[in-house]
Amino acid sequence: QVQPVESGGGLVQAGGSLRLSCAASGRTFSNYAMGWFRQAPGKEREFVAAIGWSGTGTYYADSVKGRFTISRDNAKNTVYLQMNSLKPEDTAVYFCASNPRTYWSPSSATNYAHYNYWGQGTQVTVSS
């Protein structure tokens with residue numbers, strides 16, 4: 001079991017950068033793939049990025065590919081989301097979640113139903 005806690009959100013101008021962190025309690029962090037999702041007001045939660053147990057097997061939404069980078073440090077029980085070239089449409093609450101799937105694939109990475117433990121979210125606001 002892991003309990004994710006997100007941090008690093010804030011207000012940034014378009015074109016700027018932010019790095020989100022997700023610290024997960026629990027001694028089994030390295031057994032879980034991890035993912036980031038986001039939800040803007042009035043919209044459904046959408047997949048952003050995900051990473052496999054050992055740090056390989058990364059997946060990105062088309063809307064963030066080339067701008068966002070997901071990484072993890074299993075020694076620190078932490079997963080990161082580096083966000084560059086931010087756009088106003090990136091404004092949302094960003095959630096971190098753990099994925100216990102034993103088979104890592106695009107479908108298991110991008111479907112929020114495959115994630116079991118979720119953080120409370122951190123707000124990212126990008127001004128134009």
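Author: Let us begin with a network of salt bridges, which links Arg38, Glu46, Arg67 and Asp90. Please keep in mind that the model is predicted.

Reader: How many salt bridges does a search of the whole structure find?

Author: The search finds four. Two of the pairs involve Arg38: one is formed with Glu46, and another with Asp90.

Reader: How far apart are the closest N and O atoms of Arg38 and Glu46?

Author: A salt bridge is read from the distance between a side-chain nitrogen of Lys or Arg and a carboxyl oxygen of Asp or Glu, with a cut-off of 4 Å. For Arg38 and Glu46, the closest N and O atoms are 2.6 Å apart. The two side chains also make a polar contact at 2.6 Å.

Reader: And what is the N to O distance between Asp90 and Arg38?

Author: For that salt bridge, the distance is 2.9 Å. This pair links distant parts of the chain: Arg38 belongs to strand 4 (residues 33-39), while Asp90 sits in the loop between strand 8 (78-83) and strand 9 (92-99), and 52 residues separate them. A polar contact of 2.9 Å also joins these side chains.

Reader: Which salt bridge does Lys65 form, and with what distance?

Author: Lys65 pairs with Asp62, and their closest N and O atoms are 3.2 Å apart. Both Lys65 and Asp62 are exposed.

Reader: Which strands are joined to strand 4 by bridges?

Author: Pairing is read from the bridges between strands and from the direction in which they run. Seven bridges join strand 4 to strand 9, and the two run antiparallel. Within this pairing, Met34 has Ser98 of strand 9 as its bridge partner. Strand 4 is also antiparallel to strand 5 (residues 46-51), to which five bridges join it. In strand 5, Glu46 stands opposite Arg38, and Glu46 is also a salt-bridge partner of Arg38.

Reader: How many residues lie between strand 4 and strand 5 in their hairpin?

Author: There are six residues between them, and Gly42 in the turn has a positive phi of about 75°.

Reader: Which residues does Arg38 touch beyond its close neighbours in sequence?

Author: With residues up to four places away in sequence left out, the contacts of Arg38 include Glu44, Val48, Phe68, Glu89 and Tyr94. Tyr94 in turn touches Trp36, Leu81 and Met83, among others.

Reader: Which residues of the largest nonpolar core touch the most other members?

Author: This core has 37 residues, and those touching the most other members are Trp36, Leu81, Met83, Tyr94 and Tyr115. Among the elements that give two or more residues to this core are strand 4, strand 5 and strand 9.

Technical notes
Residues numbered from 1 in each chain as written. Predicted model: local features only at pLDDT ≥ 70, side-chain atom pairs only at ≥ 80, totals over all residues. Heavy atoms only, no water. Helix = DSSP H or I, 4+ residues; strand = E, 2+ residues; numbered from the N terminus. Buried < 20%, exposed > 50% of the residue type's maximum accessible area, 1.4 Å probe, protein only. Polar contact = N/O pair within 3.5 Å; in protein donor to acceptor, adjacent residues only side chain to side chain. Contact = heavy atoms within 4.5 Å. Pairing = 2+ DSSP bridges. Core = buried A, V, L, I, M, F, W, Y, C linked by side-chain atoms within 4.5 Å.
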